[in-house]
Amino acid sequence: MLDLVNLTKTYRDLTAVDSLSLHLEPGEIFGFIGPNGAGKTTTIKMIATLVRPTDGEARVNDISVVAHPEQVRAIIGYMPDYFGVYDDVRVWEYLDFFASAYRIPRADRPRLIADVLELTDLNVKRNAFVEELSRGMKQRLCLAKTLLHDPVLLLLDEPASGLDPRARIEMRELLRQLRRMGKTIFISSHILTELADFCTTIGIIEAGRLIASGSVEEIIKQTGLTRTLEIRATQGLELVETILRDNPLVHDVVLDSESDRCQVSFAGELDDVADLLKCLLDRGVRVVQAVESASDLEDIFLRVTRGQVA
Amino acid sequence: MGWLMDNPIIVRELRGRMRTNRAAWLLFGYAVVLAITVGATYVSSRHDMQLLYNGELGATLFGTLAMAQGWLLCLIVPGLASGAFSGEREGQTLDALFVSPLGARALVRGKLLAATLFVLLLMTISLPLVAFCFLLGGVGAHQLVGTFAVQAASALLFAAFAVGWSLTCNSTTQATVMSYLTVGGWMSFLGSAGFQSHTVWAALPINGWREEYAWCQVAGHSVPAWLTAVLLIGVATTCVLDLTVARARLVRDGVVSMRPRLWLAGVAVALAACCAADNSGSHHWQDLCRVMLFLGALLAAVLTVGAGDVDLPRPVRWWQFWRHDPASAPLFVALLPLVALLARHHAVVTTLLAQRPDSASYHCAYSWPLVANCLMVMAAVLLAAGLVGRLMDHVVHRRWAGTFANLALLFSIGIPLMDAGDSTHKLACVVSPEMCFRGDMGASGVLVAVIFWLGVAALAAWLGRRALRPQPAG
C-alpha cells in the first residue's frame with residue numbers, strides 16, 4: 001500500500017527527513033510519533049505530493065509520488081495539521097466543491113455528501129455556513145472532505161490537535177469507525193496515549209530519522225524495553241514479591257502496601273504475562289486486578305528518543 | 001457555459017464573492033462613478049454648439065465613459081484578483097487545493113476566470129450609459145464593440161498579472177502592490193510606444209475609438225486596430241498565463257519544464273510577425289525591439305523572482321540555470337530579443353528598404369555584426385541581473401531584495417532605451433544594449449559594455465560564493 005524507501009528531504013543545511021524507509025500493508029493503521037519538529041509533517045507532505053523529496057522514493061499503491069503525483073492525489077486523502085476552510089460557503093457547498101475537484105460525477109455527489117455527513121455526524125449542519133461551525137466540527141468537516149473520493153490511503157496529520165476533550169473523543173470514535181471500515185491510515189500525533197490503543201503499528205521519528213517501527217510489542221522486543229504491569233492482590237503482597245522476583249523476566253518490583261498494589265517491570269511478551277499471572281494464581285495469590293500501564297507508549301517514546309529535533 | 005461550471009473554482013469563487021456585501025457595494029460604486037463622469041461631461045458639453053453641430057456629443061460622452069471605465073478597470077481588477085492564491089495561502093486552504101487532482105492549468109484558469117467574469121459583470125453595468133451615448137449620435141456599433149473588446153481583453157490581462165503575482169508573493173499585500181505596479185508599467189509602455197503604432201495605441205483600455213487610429217495595415221489590407229490590439233493583448237495574456245501555470249507547477253510539484261518557455265519563444269515570433277505586419281504611421285523597427293525588450297524585462301522579473309519554494313541545493317541555484325529553475329529566465333529572456341532581432345533583420349531587408357528614402361544607411365545600421373553586438377551585451381546584462389538578484393536574495397535573506405535588485409537592473413536598461421534616441425555617447429551602450437545598433441557606436445563601445453556587465457556578473461558571483469562559504473564555528 002505505502003512504501004517509503006530512503007525518503008529524504010533537506011532544506012539547505014537542514015535535513016528534515018533522513019533516509020526514512022517504511023512499508024504499510026492495506027488496512028494497517030500506522031501511528032507516526034515524534035516530538036515537534038521531528039519531521040512528521042514533512043514526511044506526510046512528501047507522501048501527499050506537496051513537498052518534493054530531495055532523495056529516495058515514496059510509492060502509494062505502487063505509484064511513485066514524484067513521477068505521477070496527479071495519480072497519487074486521486075487515491076489519497078490528506079488532512080493537514082493546520083488547515084483553513086472557506087467560510088463563505090455552506091457545508092454541503094464546501095463538500096460539493098471538493099467532490100467536483102475530485103471529478104466525482106455531478107449525479108453521484110448528493111448521495112456521497114450525505115454519506116460523509118452521516119459518517120462525521122454533521123447532517124444537521126448541512127445547510128449551515130462553514131464559519132458557524134465549531135473547531136471540532138470544522139475538523140470533522142475537513143475529514144469528511146478527505147473521505148469524499150473514497151481514498152485508499154488516509155494521511156492524517158495531527159487530526160486531534162487543538163480540540164477540547166469532548167471533540168477529541170468524538171474524533172477518536174470517528175477514526176475507530178474508519179478503522180472498522182478497513183481504511184489504511186497513516187496518522188501522526190505527538191500525543192501518545194491517543195494512538196496507543198488505536199494503531200496496529202507505530203513508528204517513532206526523531207531528528208528526521210525513524211528510530212523504531214513496528215507493533216508496540218515488537219518495539220518493546222527490539223529495544224529491550226520492559227512493560228509496566230500493575231498487579232493488585234487482596235493479601236500476601238510479600239508472597240507476590242517473592243514469586244515475581246523469582247521470574248527471570250521481571251526486572252523490578254515496587255510495592256505499595258496501602259493500596260495492595262505492586263508495579264512490575266516486565267520484559268516478556270503477552271504470553272509471558274499470562275504465564276506470570278497463572279503462576280501467581282497457582283501459588284494461591286488472590287489477584288484482583290492486573291493491568292498493563294496505559295503510559296507504555298510514552299515510556300517507549302521517552303526511552304527511545306533523546307529530545308532532539310531535526 | 002457548461003465548461004465554466006465544470007471548474008469548481010469558478011463556481012466557488014463566484015458563489016462566495018456574490019454573497020458578500022463588498023460585491024454589491026462595488027457594483028453600486030462602479031455605476032455611480034461612471035454615471036457621475038458621464039453626467040458631468042454631458043452637463044458641461046451640452047451647450048457646445050460645435051459638438052452639437054457636428055453630431056459629436058455622443059462620441060465625446062462615449063470617449064469619457066471609455067476612459068473612466070478603463071481607469072476603473074486598472075484600479076479594480078488587480079485588487080480583485082491579487083488574492084487568488086496568496087489569499088488561499090493565508091487562509092491555509094492552499095494545501096487542500098493543491099492536493100486535489102485539479103491540474104495547475106485548471107487552478108489558474110479557475111482563479112482567472114472567476115475574477116474576470118465579475119469584471120465583465122461590472123462592464124455590463126455601464127451598458128445603459130453606453131446606450132445613452134448611442135442615442136445622442138456619433139457612436140458606431142464597431143466603435144462600441146472595439147472599445148469593449150479591448151477593455152475586456154485588458155481586464156483579462158490585468159487579472160492574469162494579478163493571479164501570477166498572487167502565486168509568486170507570500171502575502172496578498174505584496175501581490176496587490178506588484179500587480180498595480182505591473183499594470184502601471186503596462187499602461188506606461190502602451191502610452192509611450194502607442195504614438196508609433198496604431199495597434200499599440202488601440203491596446204490602451206482608456207482610449208475610446210478614434211478615427212485617426214482606427215485602422216492598421218496587415219499584409220496590404222486595412223484591419224481594425226482594435227482587432228490587432230486584442231491580438232496583442234491576447235498574446236501578452238497567454239505569455240503571462242503560461243508563466244503562471246509554470247509557477248503553479250513549480251510551487252506544487254517542484255518542477256517546471258522548459259516547454260512553456262519554448263512555447264513562449266514561438267509566441268514571441270508571432271508577436272514579432274504581428275508588429276512587422278503593422279507598418280502604418282511613422283513607426284520604425286526600433287519600436288519592435290523596444291516591445292520585445294520591455295516584455296523581456298517583465299518576464300525576467302516574474303521568472304527570477306526567486307526559487308524559494310524549490311529548495312534546490314545552493315550550488316545548483318548559482319550556476320545551473322537550465323535545470324528546472326526559474327533562474328534560467330535570463331537564458332529564456334535572451335531568446336526573445338533574438339527572435340525580435342531576427343524578425344527585425346528580415347523586415348529591414350524586405351520591407352523597410354523599399355519604403356524608406358535612407359534605406360541604404362538603414363541597411364548598414366542594422367547589419368548582422370551589430371545584431372551580434374547587441375546580443376552579446378544583452379547576454380552579459382541578463383547574466384549580471386540574474387546573479388545580482390541571487391546575491392541579494394542570499395545576503396539579505398529576502399526574496400524581495402533579489403527581485404528589486406533585478407528590477408532595478410532591468411529598468412536601468414529599459415529606461416535609457418526609451419530616451420536614448422539622441423544620445424551618441426559610446427558609454428550609453430553600457431546601460432542600453434539597443435544603442436549597439438547605432439552604426440557610430442563602434443566596437444569599442446560594445447567591448448566596454450560587455451566587460452562592464454561581465455564584471456558586474458563576476459563580482460556578484462564572487463560575492464555570492466563568499467557568502468555561501470561555511471562560517472567557522474564560534
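Modeller: Let's start in chain A, where strand E4 (residues 55-60) and E5(A) pair in the antiparallel sense over two bridges. This is a predicted model, in which local features need pLDDT of at least 70 and side-chain atom pairs count only at pLDDT 80 or more, while totals for chains, interfaces and linings use all residues. Residues are numbered from 1 along each chain as its sequence is written, and chains are lettered from A and ligands numbered from 1 in the order in which they are written.

Colleague: What makes E4(A) and E5(A) a pair?

Modeller: Strands pair if DSSP finds at least two bridges between them. E4(A) and E5(A) have two bridges, so they count as a pair. In detail, A:Val60 stands opposite A:Ile63 in E5(A). Strands are DSSP runs (E, at least two residues), as are helices (H or I, at least four), numbered from the N terminus.

Colleague: Which order do the strands of the open sheet take?

Modeller: The order is E2-E1-E4-E5 in chain A, four strands with antiparallel pairing. Strand E2 (14-24) and strand E5 (63-64) each have a single partner, so they stand at the edges and one side of each lacks a neighbour in the sheet.

Colleague: Why is helix H1 (residues 40-47) of chain A called largely enclosed?

Modeller: Because eight of its eight residues are buried. Even A:Lys40 and A:Lys45 are among the buried residues of H1(A). Just after H1(A), A:Thr49 takes a positive phi of about 70°.

Colleague: How do you know that the length of helix H11 (residues 172-193) of chain B agrees with its residue count?

Modeller: The expected span is 1.5 Å times one less than the number of residues. With 22 residues, H11(B) should span 32 Å, and its end C-alpha atoms are 31 Å apart, which agrees. Its buried residues include B:Trp186, B:Phe189 and B:Leu190.

Colleague: Which residues touch the most other members of the largest nonpolar core?

Modeller: A:Leu155, A:Phe186 and B:Ala159, out of 157 residues in that core. Helix H13 (residues 225-253) of chain B gives the most to this core, with 16 residues. A second, separate core has 11 residues, including A:Val240 and A:Phe266. A nonpolar core is a set of buried Ala, Val, Leu, Ile, Met, Phe, Trp, Tyr and Cys residues joined through C-beta atoms within 7 Å.

Colleague: How many residues of each chain are in contact with the other?

Modeller: 26 residues of chain A and 20 residues of chain B. H3(A) gives the most to chain A's side, with five residues. That side has 16 nonpolar, three polar and seven charged residues. Contact here means C-beta atoms, placed from the backbone, within 7 Å. Ala, Val, Leu, Ile, Met, Phe, Trp, Tyr, Cys and Pro count as nonpolar, Asp, Glu, Lys and Arg as charged, and the others, Gly among them, as polar.

Colleague: What is the mean pLDDT of chain B?

Modeller: The mean is 70, and 53% of chain B's residues reach 70 or more. pLDDT is the predictor's confidence in each residue, from 0 to 100. Over residues 301-329 of chain B, pLDDT stays under 50. For the complex, the predictor gives an ipTM of 0.76 and a pTM of 0.69.

Key. A residue is buried if 20 or more other C-beta atoms lie within 10 Å of its own, exposed if 12 or fewer, and partly exposed in between; C-beta atoms are placed from the backbone. Two residues are in contact if their C-beta atoms, placed from the backbone, lie within 7 Å.
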